[in-house]
Amino acid sequence: MTGDGARAPSFLEVWRPGGVEVVLLDGPTMTIGRDEGNGVVLDHDRQVSSLHAVLQSYGAGWAIRDLGSTNGTVVAGERLIAERALRHGDAIQVGSTRLVFRGPAGRAAPTTAPHRPPELTRRERDVLVALCRPLFSGAVFTEPATARAVATELVVSEAAVKQHLLRLYDKFGLDPASTRRRVELANAALERGAVTPGELT
């Protein structure tokens, strides 16, 4: 009989101001919050509650639940109302801190160094930084910036930004049929190191 140890472990990427920390999920539960007693301690983030959220293992996978936090928990751009199953690559926003769930489902869980980003022009990098900046703003609903907001920040036309975004979608290999490509692009840019937390805060 094969035990749970035969499966690839699940883990969280915790995007701290100084860089990304990997936290292995190796027990039945993992709490997230500002207090020292939590499994994931976010004492640098004043928007995180003392006991903010909990991850629960169900054998076949993990789920997350908000614990009545002041500012809520957002998963894949949607605020948690009830417990939600996590999928590999789900971005979790707790206060102004970003976490990414890595599980055995889907493609194999990456190491701490995800595959490298594509070659980008300086302007494409500017567009990515402006696109991702709201993810670290501390707002509860953390959608990436709109094309109009990026254009305003960079003092260029919205049409120019949309052209850059189309090229970026292609470079990052995103599905042309997806209706959430801005969210997917922001997640891919952060996951692959094209944009770092230090550039956004």
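Is Val155 buried or exposed? With a relative accessibility of 73%, Val155 counts as exposed; buried means under 20% relative accessible area, exposed over 50%, and partly exposed in between, with a 1.4 Å probe and protein chains only.

Before going further, please note the conventions. The model is predicted, so local features need pLDDT of at least 70 and side-chain atom pairs count only at pLDDT 80 or more, while totals for chains, interfaces and linings use all residues. Residues are numbered from 1 along each chain as its sequence is written, and side-chain values use heavy atoms, with hydrogens and water left out.

**Stop 1: Val155 and helix α2**

Keep Val155 selected. Val155 lies in the loop between α2 and α3; helices (H or I, at least four residues) and strands (E, at least two) are DSSP runs, numbered from the N terminus. The phi of Val155 is near 55°, a positive value in a residue other than glycine.

Next, select α2, residues 147–154. Within α2, Ala147, Val150, Ala151 and Leu154 are buried. These residues lie on the same side of α2, because they cover an arc of only 100° around the axis, the arc being that of the directions from the helix axis to the C-beta atoms. An α-helix has 3.6 residues a turn, so residues three or four places apart point the same way. Turn to the other side of α2, where Arg148 and Thr152 are exposed. The buried residues of α2 pack against α1 and α3, contact meaning heavy atoms within 4.5 Å.

**Stop 2: the nonpolar cores**

Select Leu128, Cys132, Val150, Phe172, Leu185 and Val195. In the largest nonpolar core, which has 29 residues, these six touch the most other members. A nonpolar core is a set of buried Ala, Val, Leu, Ile, Met, Phe, Trp, Tyr and Cys residues joined through side-chain atoms within 4.5 Å. Two or more residues of this core come from each of α1 (122–132), α2 (147–154), α3 (158–171) and α4 (181–191). The largest share, six residues, is that of α1.

Now centre the view on Cys132. Neighbours within four places in sequence aside, Cys132 contacts Ala186, Ala189, Leu190, Val195 and Leu200. Another core lies apart from this one; its 21 residues include Leu55, Trp62, Ile64 and Phe101.

**Stop 3: the open sheet**

Show the strands as a cartoon. Six strands form an open sheet in the order β2-β1-β11-β10-β7-β8, with antiparallel pairing; two strands pair if DSSP finds at least two bridges between them. At the edges stand β2 (19–25) and β8 (78–79), each with a single partner strand, so one side of each is left without a neighbour in the sheet.

Select β1, residues 10–16: seven of its seven residues are buried. Both faces are covered, with Ser10, Leu12, Val14 and Arg16 on one side and Phe11, Glu13 and Trp15 on the other. Strand β1 is joined to β2 by seven antiparallel bridges, and the two form a hairpin with two residues between them. Opposite Phe11 stands Leu24 in β2.

Strand β1 also pairs with β11, in the antiparallel sense, over five bridges. Here Trp15 stands opposite Arg98 in β11. Arg98 lies over the face of Trp15, at 5.6 Å from the ring centre; a charge sits over a ring if NZ of Lys or CZ of Arg is within 6 Å of the ring centre and within 35 degrees of the ring normal.

Move on to β10 (residues 91–94), which pairs with β11 (residues 97–102) in the antiparallel sense over four bridges. The bridge partner of Ala91 in β11 is Val100.

**Stop 4: two loop residues**

Select Ala76, in the loop between β7 (73–75) and β8. Its phi is near 50°, a positive value in a residue other than glycine. Ala76 counts as buried, at 18% relative accessibility.

Finally, select Glu83, in the loop between β8 and β9 (84–85). Glu83 is partly exposed, with a relative accessible area of 37%. Residues up to four places away in sequence not counted, Glu83 touches Gln56, Tyr58, Ala63, Ile64 and Arg65. Asp66 is 17 residues from Glu83 in sequence and 7.4 Å from it in space, C-alpha to C-alpha.
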